[in-house]
Amino acid sequence: MRYIASYLLAALGGNSSPSVKDIKKILDSVGIEADDDRLNKVISELNGKNIEDVIAQGIGKLASVPAGGAVAVSAAPGSAASAAGSAPAAAEEKKDEKKKESEESDDDMGFGLFD
């Protein structure tokens with residue numbers, strides 16, 4: 001990731017085709033030693049490509065990745081109505097539990113702000 005970030009920094013700085021030397025200079029400025037194999041891999045993969053196009057392709061690929069939050073669907077149609085009726089009560093209970101947990105977790109830290 002550090003090599004890609006350095007490559008992007010160099011590209012943002014106006015260098016449309018950063019070299020190994022350019023990326024090593026960026027990494028050295030923050031005290032990171034470069035691994036030549038990985039650095040050469042990044043350079044070879046991105047050499048000659050427009051960074052904006054590469055980013056656009058990456059965003060397109062990320063759009064197909066599931067982001068969680070899926071709801072379990074019941075197999076029986078009659079049970080969906082009963083589950084929908086109990087959902088608000090369950091949500092209320094969860095809110096109360098989370099509130100209680102957050103209040104209690106502050107006490108368990110073992111130190112105060114001014115201790």
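**How the labels are reached**

Analyst: Ile26 is found in helix 2. The model is a predicted one.

User: Why is Ile26 called partly exposed?

Analyst: The relative accessible area of Ile26 is 23%. Buried means under 20% and exposed means over 50%, so Ile26, at 23%, is partly exposed.

User: Which residues does Ile26 contact, leaving aside its neighbours within four places in sequence?

Analyst: Ile26 is in contact with Ser6, Leu9 and Ala10, once neighbours within four places in sequence are set aside. As for Ala5, its C-alpha atom is separated from that of Ile26 by 9.8 Å, and the two residues are 21 apart along the chain.

User: What makes Ser6 count as buried?

Analyst: Its relative accessibility is 4%. The cut-off for buried is under 20%, therefore Ser6 counts as buried. Ser6 lies in helix 1, which covers residues 2–12. Not counting residues up to four places away in sequence, Ser6 touches Ile23, Ile26 and Leu27.

User: Which residues of helix 2 and helix 3 meet?

Analyst: From helix 2 come Val20, Ile23 and Lys24, and from helix 3 come Asp36, Leu39, Asn40 and Ile43. The residues of this contact divide into four nonpolar, one polar and two charged.

User: What makes up the largest nonpolar core?

Analyst: Nine residues do: Tyr3, Tyr7, Ile23, Leu27, Leu39, Val42, Ile43, Leu46 and Ile51. To be a nonpolar core, a set must consist of buried residues of the nonpolar kinds, joined through side-chain atoms within 4.5 Å. Helix 1, helix 2 and helix 3 are the elements that give two or more residues to this core. Helix 3 supplies the largest share, four residues. In soluble globular proteins, nonpolar side chains tend to be buried together.

User: Which residues does Leu46 touch, not counting residues up to four places away in sequence?

Analyst: Leu46 touches Tyr7 and Val54, with residues up to four places away in sequence not counted. Tyr7 and Leu46 are both among the residues of the largest nonpolar core.

Key
Residues are numbered from 1 along each chain as its sequence is written. This is a predicted model: local features need pLDDT of at least 70, side-chain atom pairs count only at pLDDT 80 or more; totals for chains, interfaces and linings use all residues. Side-chain values use heavy atoms; hydrogens and water are left out. Buried means under 20% relative accessible area, exposed over 50%, partly exposed in between (1.4 Å probe, protein chains only). Contact means heavy atoms within 4.5 Å. Ala, Val, Leu, Ile, Met, Phe, Trp, Tyr, Cys and Pro count as nonpolar, Asp, Glu, Lys and Arg as charged, and the others, Gly among them, as polar.
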